[in-house]
Amino acid sequence: MFSKSKINEPGPKASEAPAPAPATAPVEKTDFKAPAATKAKPPASVLSSDLHVEGNIRTTGDVQVEGTVDGDIRAHLLTIGETATIKGEVVADDVVVNGRIVGRVRGLKVRLTSSARVEGDIIHKTIAIESGAHFEGSVQRQDDPLSTAGAKRITGPESKS
């Protein structure tokens with residue numbers, strides 16, 4: 001019986017065959033994904049090991065430093081390579097330290113790997129320090145370590161003491 005009804009209905013189903021037009025809807029959804037793909041974050045900017053920068057670096061993107069920077073760095077994600085040396089303040093949402101920093105570190109998430117060498121204070125929301133990391137300074141947790149007002153408040157009372 002079912003086969004008879006299917007045989008009798010192919011005509012109407014053929015008219016309903018345009019119903020697979022929703023299959024074109026996913027194509028439109030793919031078109032919607034394409035603009036999102038154009039908005040994808042660019043890859044991290046890399047400062048190679050033979051590069052020496054004198055001055056501040058500021059970006060809303062990601063930075064990977066393998067060389068030497070004499071100045072402050074502000075970024076979204078900052079990765080300090082094993083061969084890198086930073087002399088200045090580091091401010092980023094995420095900071096991964098494999099190399100050397102001489103100066104203050106401020107970040108929502110700060111991670112010192114086993115090869116890290118940090119001489120300076122760390123102000124963070126969350127921190128991870130691997131075994132073998134070398135750290136000299138103080139560690140302070142803050143809900144908003146990236147705010148400059150918060151950093152001034154910390155410095156202010158300590159200088160009055």
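Here is a short tour, stop by stop, with what to select and what is there.

**Before you start**

This is a predicted model, so local features need pLDDT of at least 70, side-chain atom pairs count only at pLDDT 80 or more, and totals for chains, interfaces and linings use all residues. Residues are numbered from 1 along each chain as its sequence is written, and side-chain values use heavy atoms, with hydrogens and water left out.

**Stop 1: the six-stranded sheet**

Colour the strands (DSSP runs of E with at least two residues, numbered from the N terminus). Which order do the strands of the open sheet take? Follow β2-β5-β7-β9-β11-β13: that is 6 strands with parallel pairing. Two strands pair here if DSSP finds at least two bridges between them.

Now select residues 52-54 and 134-136, which are β2 and β13. These two stand at the edges with a single partner strand each, so one side of each has no neighbour in the sheet. Neighbouring strands of this sheet are turned by 5° against each other on average, direction ignored. For that angle, the axes are lines fitted to C-alpha atoms, and angles run from 0 to 180 degrees between N-to-C directions.

**Stop 2: Thr-85 in β7**

Select Thr-85, which sits in strand β7 (residues 85-87). Is this residue buried or exposed? Thr-85 is buried, because its relative accessible area is 18%; buried means under 20%, exposed over 50% and partly exposed in between, using a 1.4 Å probe and protein chains only.

Next, show what surrounds Thr-85. Leaving out residues up to four places away in sequence, Thr-85 touches Gly-67, Thr-68, Val-69 and Arg-100. Touching means heavy atoms within 4.5 Å.

**Stop 3: Arg-100, from β9 to β11**

Stay with Arg-100 and bring up residues 100-102 and 117-119. These are β9 and β11, which run parallel and are joined by 3 bridges. The bridge partner of Arg-100 in β11 is Arg-117.

Glu-119 and Arg-100 form a salt bridge, with the closest N and O atoms 3.2 Å apart. A salt bridge here is a side-chain nitrogen of Lys or Arg within 4 Å of a carboxyl oxygen of Asp or Glu. Since Glu-119 is in strand β11 and Arg-100 in strand β9, the pair ties together parts that are 19 residues apart in sequence. Glu-119 is partly exposed at 32% relative accessibility, and Arg-100 is partly exposed at 32%.

**Stop 4**

Pick out Glu-89 and Arg-104, whose side chains meet in one of them at 3.0 Å, N to O. Glu-89 is in the loop between β7 and β8, while Arg-104 is in the loop between β9 and β10, 15 residues apart. Glu-89 is buried at 19% relative accessible area, whereas Arg-104 is partly exposed at 28%.

Then jump to Arg-141 and Asp-143, where the side chains meet in a salt bridge at 2.9 Å, N to O. Arg-141 is partly exposed, with a relative accessible area of 49%, and Asp-143 is exposed, at 57%.

**Stop 5**

Select residues 90-97 and 105-112. These are β8 and β10, parallel strands joined by 7 bridges; click on Val-95 and you'll find its bridge partner Val-110 in β10.

From β10, step across to β12, which pairs with β10 in the parallel sense over 7 bridges. Gly-107 stands opposite His-124 in β12, and Leu-112 has Ile-129 as its bridge partner. One more step takes you to β14 (residues 139-141), which pairs with β12 in the parallel sense over 3 bridges. Here Ile-123 has Gln-140 as its bridge partner.

**Last stop: a nonpolar patch**

Hold on to Ile-129, which lies in strand β12 (residues 122-129) and counts as partly exposed at 43% relative accessibility. With Ile-129, they form a nonpolar surface patch with about 210 Å² of accessible area together. Such a patch takes residues with over 30% relative accessible area and no salt bridge, joining nonpolar side chains (Val, Leu, Ile, Met, Phe, Trp, Tyr) within 5 Å; the areas come from the Shrake-Rupley method with a 1.4 Å probe.

Technical notes. Helices (H or I, at least four residues) and strands (E, at least two) are DSSP runs, numbered from the N terminus. Patches are made of residues with over 30% relative accessible area and no salt bridge: like charges are joined within 9 Å, nonpolar side chains (Val, Leu, Ile, Met, Phe, Trp, Tyr) within 5 Å.
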